[in-house]
Amino acid sequence: MLLYLAIVWVLWTAKNILLELFFDLMTAENSPRFLLVEELSAFAVVYAAALILARIEHAPPGAYGLPAGHAFGKYFWQGCVFGLSEISLLIAALSAFGGYSFGSLALHGSEIVRWSGAWAAIFLFVALFEEFAFRGYTLHTLAQSVGFWPAALLLGAYFGYEHSHNPGESLPGEIGVVLIALLLALTLRRTGNLWLAVGWHAAFDFGETFLYSVPDSGATFPGHLSNATLHGPAWLTGGTAGPEASIFDFLIMGGLALAVHYLYPPQPASQLPAAMAPCESSAIPGSNLSP
């Protein structure tokens with residue numbers, strides 16, 4: 001794990017230097033082009049570091065959660081359905097209680113197509129980066145020492161802490177981030193890979209930022225579909241953090257966790273990736289060494 005983090009730090013530093021060379025960071029920070037390059041390069045960093053460790057550990061790269069054979073397959077699209085369902089049910093609940101108004105269209109004609117494509121691409125790489133950074137190699141490796149769920153909880157708590165730096169984020173929003181991290185970890189445990197989580201994450205963010213045009217983890221961006229407004233108490237609307245901090249999102253996540261539980265039954269230990277098997281497993285994945 002320390003070696004992985006050291007490699008990530010070196011590659012991340014190189015990424016930042018390159019971005020400073022090619023972008024004026026003071027003016028480009030919220031531009032779609034910069035956001036796309038930033039998220040794509042961030043994913044490239046954490047994934048490239050895992051590829052290096054895969055060679056050292058004699059493990060296939062897909063062992064860390066993103067097997068190429070499942071890329072954009074059924075799990076990814078099922079995840080998209082979950083993500084859009086979560087944000088749509090959430091917005092519907094807010095609307096029913098008078099907390100959300102769609103407002104007038106902010107984009108027209110070809111602008112809708114251009115911005116929807118831009119946000120779809122950006123949030124795909126946001127999802128790839130965040131899912132692999134927090135539930136890829138790190139969870140795979142940490143789980144071998146402390147077990148899957150303790151590792152998922154530790155990394156989920158850190159995931160929530162990282163979101164606390166977002167402008168407008170709140171404590172309920174941070175708690176919501178931790179809970180969604182655990183829910184997405186459940187999809188990893190039940191499906192054996194991260195593709196369902198990637199689709200879920202990308203679709204939820206796309207719906208929140210573009211489709212329903214509300215704050216996303218305390219951040220607001222240009223290029224949203226409508227001039228939507230949130231009105232009402234923070235417990236209802238999520239306040240400055242956005243609807244994901246609403247009490248309704250906690251209830252919806254609970255319902256979706258039950259749906260995942262019943263739709264994706266537990267797999268036999270022999271079919272799970274080694275890091276998700278019980279801790280008493282007698283071999284270290286990708287190695288001929290005993291523990």
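Helices (H or I, at least four residues) and strands (E, at least two) are DSSP runs, numbered from the N terminus. The model is predicted: local features need pLDDT of at least 70, side-chain atom pairs count only at pLDDT 80 or more, and totals for chains, interfaces and linings use all residues. Residues are numbered from 1 along each chain as its sequence is written, and side-chain values use heavy atoms, with hydrogens and water left out.

**Exercise 1. Describe how H3 packs against H5.**

Step 1. Two packed helices are described by the angle between their axes and the distance between the axes. Axes are lines fitted to C-alpha atoms, for helices over the stretch in contact, and angles run from 0 to 180 degrees between N-to-C directions.

Step 2. Take H3 (residues 32-57) and H5 (residues 110-135): the angle is about 25 degrees, and the axes lie 8 Å apart. H3 is therefore roughly parallel to H5. The classes are: under 35 degrees roughly parallel, over 145 roughly antiparallel, 65 to 115 roughly perpendicular, the rest oblique.

Step 3. The crossing of H3 past H5 is left-handed. That term applies if the near helix is turned anticlockwise from the far one by less than a right angle; clockwise gives right-handed.

Step 4. Look at the contact (heavy atoms within 4.5 Å). H3 contributes residues including Leu36, Phe43 and Tyr47, and H5 residues including Trp115, Ile122 and Phe129. By type, the residues are 20 nonpolar, no polar and one charged. Here Ala, Val, Leu, Ile, Met, Phe, Trp, Tyr, Cys and Pro count as nonpolar, Asp, Glu, Lys and Arg as charged, and the others, Gly among them, as polar.

**Exercise 2. Find where serine 213 lies, and decide whether serine 213 is buried or exposed.**

Step 1. Serine 213 sits in the loop between helix H9 (195-211) and strand E2 (229-230).

Step 2. Its phi is positive, about 60 degrees, although serine 213 is not a glycine.

Step 3. Buried means under 20% relative accessible area, exposed over 50%, partly exposed in between (1.4 Å probe, protein chains only). Serine 213 has 10%, so it is buried.

**Exercise 3. Trace the ring partners of phenylalanine 72.**

Step 1. Phenylalanine 72 is in the loop between H3 and helix H4 (74-96). Phenylalanine 72 also has a positive phi, about 55 degrees, without being a glycine. Its relative accessible area of 39% makes it partly exposed.

Step 2. Apply the ring rule. Rings of Phe, Tyr and Trp (its six-membered ring) pair if their centres lie within 6.5 Å; planes under 30 degrees apart count as stacked, over 60 as edge-to-face and the rest as tilted. The rule gives 21 aromatic pairs.

Step 3. Phenylalanine 72 and tryptophan 195 form a tilted pair, 5.2 Å centre to centre with 50 degrees between the planes. Tryptophan 195 lies in helix H9, so the pair ties together parts that are 123 residues apart in sequence. Tryptophan 195 is buried, at 5% relative accessible area.

Step 4. Widen the view. Ring pairs link Phe72, Phe76, Trp77 and Trp195 into a cluster.

**Exercise 4. List buried residues of H6 and name the helices they pack against.**

Step 1. In H6 (residues 137-146), the buried residues are Tyr137, Thr138, Leu139, His140, Thr141 and Ala143.

Step 2. These pack against helix H1 (2-22), H3, H5, H7 and helix H8 (171-191).
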